[in-house]
Amino acid sequence: MNALLILIPITLVLAIVAVGVFFWAVNHAQFEDLDTPKILPLLDAENRVQRGLSDTDSEGGRVVPEKAHHDP
Amino acid sequence: MAVTAQDLSRTGSGPVRSERDDHELASIFTAYTVSATFWLLFATAIGLLLAFKFGAPDFWAAKYLTFGRLRPIHTNDTFYGFASLALVGAAYYVAARSCGTRLYSTKLAWIGLWLFNLAAIAGTIALDLGYNWGDLEYREWPWPIRVVFLAALLVTAWNLIATVARRSSEDIYLSNWYIVAGVLWTIVIATVGVLPWYQYGLGQVAISGYYMHNAVGMWFTPLALGLFYYAIPKVLNRPIYSYALGVLAFWTNLLFYPLLGGHHFLFSPLPWWLQTTAIVFSVAMLVPVWAGSANFLLTMRGRYHGRIESYPLAFLFVAVICYLVGSTQGTVEAFRSLQAIWHFTSFTVGHSHLTMYGFVAFAAWGAVYALLPLATGKNPGRLGMAVHFWLALVGVSIYVIALSIGGTVQGLDWVHKVPFIQSVVDMEPYYLWRGVGGILMFLSHIAFAWNVWRMTAGTPGDAASPIMDPSVGKEVIEREVVA
């Protein structure tokens, strides 16, 4: 059972690291806005299949309104 | 800072990423997927042979083909050959894309690929020659080989973290939280698993419990969930139902998972309080599992007819259901009253296939079908995906149902202290069904290999773009950004 002497400290250190990362995330505004980030996967919306096959639109054709503002 | 329109307009375009970067990212994704496909075919061919050895133990009984040598080859190569490579390849793609940037280093990704493959090849040879740490599940490879695997993890972590650091929006998308956490945790686990201290007696049991469950739950699970959070919204062209719920699931997963490994050793000489701790955390895992599953299913709401139209979505749907069912089953199995029946039986093997195959492998396949065509510009054939999907689904269903029933019968036989041979006789039909399910699963992997060929080097097939209803996405983005 001496293994616990190594496993428990390791787990505690990791828990402290995890809490540290959590506070880093809070302080770096990762959780200020819990709605908008969900569209990040859709932003890369240029359809590579269509583009790759037709190879005409190398711009990516993504439209984001220029003046749109998000209020935190 | 939240995502602003300025961030958004930078994402995925401009100086942060060029056509050449796209091409290199596609090559990396392709190379990892092709390697993974090779290991899938090899490891499951071994698995199929093993399934039939239950019914015919004398079949191919030369020492290089004995059950004791082949079984760890099957498990290690599905874990560290197939699943790890398939998930890491897709994770590179997801990390770069969801951060709106290029991969930090293509070279590091290639080095990682070689190290992963080197470890798997050397490990396979060592195990077949009889060099192993036989009693340590999922770390049977001799320790120098596991150091190579650890090096591959370090290279991968470095590359992924540096990629996330290059992101073009302030927010780190959920997928990257899962992916980076998974890689970091696994480095810790692999280090603990390879350190020479306490590798004997009860200490070894405690470390083994810590290692073997976290190797599954802090490596494959977070990576697969990271892919879900990107691939499901991508395919449906609809954002995840609730980002906040995903954040909750992530942090509770991180908090609860690392302490439940001991539930593999209930009724063992490990201290009773340690076993109880593991059970408590097994129950706590219902929070992230149900939160995550609900989130994915609610994202798919109203689009269920789409599963039939879109095979990438069908794979992801099955993966989500198996994540929900398999993980909940895991919690239930951790109860002492049920563990008393199921411990050491084939039920556990059914559980591990429900989770590693139904959840992790289907998630990897779903991610490959959803994302690889976007990277390479080549779609597979619809028929090829259909054959893969249905053979794999029917195969794993037969396999899991047979072993769940058979394992319960086996356990009850032992509890009722009937002669041991009776439990062997009782298992015979279930072992046969296990082999039947295994054949279908293996055949499906040949279809997968064919589909990978068509998505990469071969002639593209007739399947539609994995992204369903492309027009919807643009409206969603406009609505969300303006709102």
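The model I am reading is predicted.

**Entry 1. Ala109(B)**

I started with Ala109(B), which is found in helix H4 of chain B. Leaving out residues up to four places away in sequence, I find that Ala109(B) touches Ile28(B), Tyr92(B), Leu103(B) and Asn159(B). Is Ala109(B) buried or exposed? Ala109(B) is buried, because 25 other C-beta atoms lie within 10 Å and the cut-off for a buried residue is 20 or more. I also looked up a separation: Ala109(B) and Gly201(B) are 92 residues apart in sequence, and their C-alpha atoms are 39 Å apart in space.

**Entry 2. Helix H4 of chain B**

H4(B) runs over residues 106-129, which is 24 residues. From its first C-alpha to its last I read 35 Å, close to the 34 Å expected at 1.5 Å a residue. Just after H4(B), Gly130(B) takes a positive phi of about 95°.

Which residues of H4(B) are buried? I list Ala109(B), Gly112(B), Leu113(B), Phe116(B), Asn117(B), Ala119(B), Ala120(B), Gly123(B), Thr124(B) and Leu127(B). Their cover includes three helices of chain B, namely H2 (19-53), H3 (67-98) and H5 (143-165).

**Entry 3. H2(B) against H4(B)**

I then looked up how H2(B) and H4(B) pack. Their axes are 10 Å apart and form an angle of about 5°. H2(B) is therefore roughly parallel to H4(B), because angles under 35 degrees count as roughly parallel. On the H2(B) side the contact is made by Glu24(B), Ile28(B), Ala31(B), Tyr32(B), Ser35(B) and Trp39(B). On the H4(B) side I note Thr106(B), Ala109(B), Leu113(B), Asn117(B) and Ala120(B). By type, the residues of this contact divide into seven nonpolar, three polar and one charged.

**Entry 4. Arg139(B)**

I moved on to the loop between H4 and H5 of chain B, where Arg139(B) is found. Arg139(B) has 25 other C-beta atoms within 10 Å, so this residue is buried. Neighbours within four places in sequence set aside, Arg139(B) is in contact with Trp133(B), Arg146(B), Gly193(B) and Tyr211(B).

**Entry 5. The largest nonpolar core**

How many residues does the largest nonpolar core have? I read 151 residues, and those with the most contacts inside this core are Ala90(B), Leu227(B), Leu316(B) and Ala364(B). Helix H7 of chain B (residues 201-236) gives the most to the core, with 21 residues. I followed up Ala90(B): beyond its neighbours within four places in sequence, Ala90(B) is in contact with Phe29(B), Leu227(B), Ala364(B), Ala367(B), Val368(B) and Leu371(B).

**Entry 6. Chain A**

I turned to chain A, which has three helices and zero strands. Along the sequence the pattern reads α-α-α. Of the 72 residues in chain A, 24% are buried.

I looked up Thr11(A), whose place is in helix H1 of chain A. Thr11(A) counts as partly exposed, because 16 C-beta neighbours lie inside 10 Å. Apart from residues up to four places away in sequence, Thr11(A) touches Pro258(B) and Leu259(B). Thr11(A) and Pro37(A) are 26 residues apart along the chain, and I read 31 Å between their C-alpha atoms.

Most residues other than glycine have a negative phi. I checked two residues with a positive value.

Ala29(A) is not a glycine, yet its phi is positive at about 60°. Ala29(A) lies in the loop between helix H1 (3-27) and helix H2 (40-43) of chain A. With 13 other C-beta atoms within 10 Å, Ala29(A) is partly exposed.

Lys417(B) has a positive phi near 55°. Where is Lys417(B) placed? I find Lys417(B) in the loop between helix H15 (382-415) and helix H16 (420-455) of chain B. Lys417(B) counts as exposed, because 7 C-beta neighbours lie inside 10 Å and the cut-off for an exposed residue is 12 or fewer.

Terms used
Residues numbered from 1 in each chain as written. Chains lettered and ligands numbered in written order. Predicted model: local features only at pLDDT ≥ 70, side-chain atom pairs only at ≥ 80, totals over all residues. Helix = DSSP H or I, 4+ residues; strand = E, 2+ residues; numbered from the N terminus. Expected span 1.5 Å × (residues − 1). Contact = placed C-beta atoms within 7 Å. Core = buried A, V, L, I, M, F, W, Y, C linked by C-beta atoms within 7 Å. Axes fitted to C-alpha atoms, helices over the stretch in contact; angles between N-to-C directions. Parallel < 35°, antiparallel > 145°, perpendicular 65-115°, else oblique. Nonpolar A, V, L, I, M, F, W, Y, C, P; charged D, E, K, R; others polar.
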